Amino acid sequence: MVKIYTLTLAPSLDSATQTPQIYPEGKLRCSAPVFEPGGGGINVARAITFLGGTASAIFPSGGATGEHLVALLRAENVPVENVETHEWTRQNLHVHVDASGEQYRFVMPGATLHADELQRLQEKVLQIESGSLLVISGSLPPGVALNAFTSLIKAAQAKGLRCVIDSSGDALTAALDIGQIELVKPNQKELSALVSRELIQPDDVRKAAEEIVRSGKARRVVVSLGAQGALAVDAQNCVQVVPPPIKSQSTVGAGDSMVGAMTLKLAENASLETLVRYGVAAGSAATINQGTRLCSRENTQKIFDYLQQH
């Protein structure tokens, strides 16, 4: 099978906790924190591992938080290729409020990535064998200019790597402007920004996704539609998959689980329909969990089997 690698430029050490209720100024008594690896590409690699595949995670790490992040990934049997950095890896906080069921996500800015550190990460990328899949996912940290980001993608493509991009804003636009992106997963708002118009009519999302494919910017566009599932488009096909009704505990990790599952099927050369069904199944499986937990193989397979029959 095709080998899979992920690149995360702004990783994090995520801590999740619970508190009975939330209010200003008083002391909020919390449960013991649960620590997990965080950051787009890292979570994609974890999801692939949980689903029975293998993906190597390439990322910068610094300080005690970076060491903790690496240790957690190794404990989950995720192959790690990290570059040590001057700055400590950021730590995010996710709080579940028992009384309301609400989730609060406190996301810190990514650690500044210096030019020499980005260069070492790019060197690791360029050691990947041609024909492999490279998932570049997550936000750009301070210190990484847009042209440095696009130069990295161009260098990866020149090496023969098939790039999957899951980002947003200017980074997503710039990546698609390079062209020939293997797979991209915008939500409806991001898709609207990519085509510079509002998507109001029932068929607008499909037309916008097809426009991106026809332009050569991406070979496959999978639009994440939240509770409505996803709409997938390539040069020949258009598929919409609606998930079964499931009680959602948390949407944290659903997008990364979806990208991981789809990348795994892409590596297996599966059809667009299978790819998006498995992606929706994994994304739905992640919402069953509280906190920052990703999809499980068992729940993903159950939901995928349901989608195959309906």
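Which residue's side chain does Arg 277 meet in a salt bridge? Here are some notes on that and a few other spots.

1. **Ground rules.** This is a predicted model, where local features need pLDDT of at least 70, side-chain atom pairs count only at pLDDT 80 or more, and totals for chains, interfaces and linings use all residues. Residues are numbered from 1 along each chain as its sequence is written, and side-chain values use heavy atoms, with hydrogens and water left out.

2. **The opening pair.** Arg 277 pairs with Glu 273, at 2.8 Å from N to O. A salt bridge here is a side-chain nitrogen of Lys or Arg within 4 Å of a carboxyl oxygen of Asp or Glu. Both residues sit in helix 9, four residues apart, about one turn of the helix. Helices (H or I, at least four residues) and strands (E, at least two) are DSSP runs, numbered from the N terminus. Arg 277 is buried at 16% relative accessibility, while Glu 273 is partly exposed at 35%. The cut-offs: buried is under 20% relative accessible area, exposed over 50%, partly exposed in between (1.4 Å probe, protein chains only).

3. **Another pair within a helix.** Arg 206 and Glu 210 make a salt bridge with their closest N and O atoms 2.7 Å apart. These two lie in helix 7, again four residues apart. By this rule, 14 salt bridges turn up.

4. **A pair that links loops.** Arg 220 and Glu 182 form a salt bridge at 3.0 Å, N to O. Arg 220 is in the loop between helix 7 (204-214) and strand 11 (221-224), and Glu 182 is in the loop between helix 5 (169-178) and strand 10 (183-184), so the pair ties together parts 38 residues apart in sequence. Both residues are buried.

5. **The cores.** The largest nonpolar core has 44 residues, and Phe 59, Val 222 and Val 276 touch the most other members. Helix 9 (residues 272-287) gives the most to this core, with eight residues. A nonpolar core means buried Ala, Val, Leu, Ile, Met, Phe, Trp, Tyr and Cys residues joined through side-chain atoms within 4.5 Å. A second, separate core of 41 residues includes Tyr 5 and Leu 121.

6. **Thr 85.** Have a look at the loop between strand 5 (80-84) and strand 6 (90-97), where Thr 85 sits. Thr 85 is buried, at 15% relative accessible area. Its side chain reaches the backbone nitrogen of Gly 62 at 3.4 Å and the backbone oxygen of Glu 87 at 3.0 Å.

Notes. A polar contact is a pair of N or O atoms within 3.5 Å; within protein, one must be able to donate a hydrogen and the other to accept it, and residues adjacent in sequence count only if both atoms are side-chain atoms.
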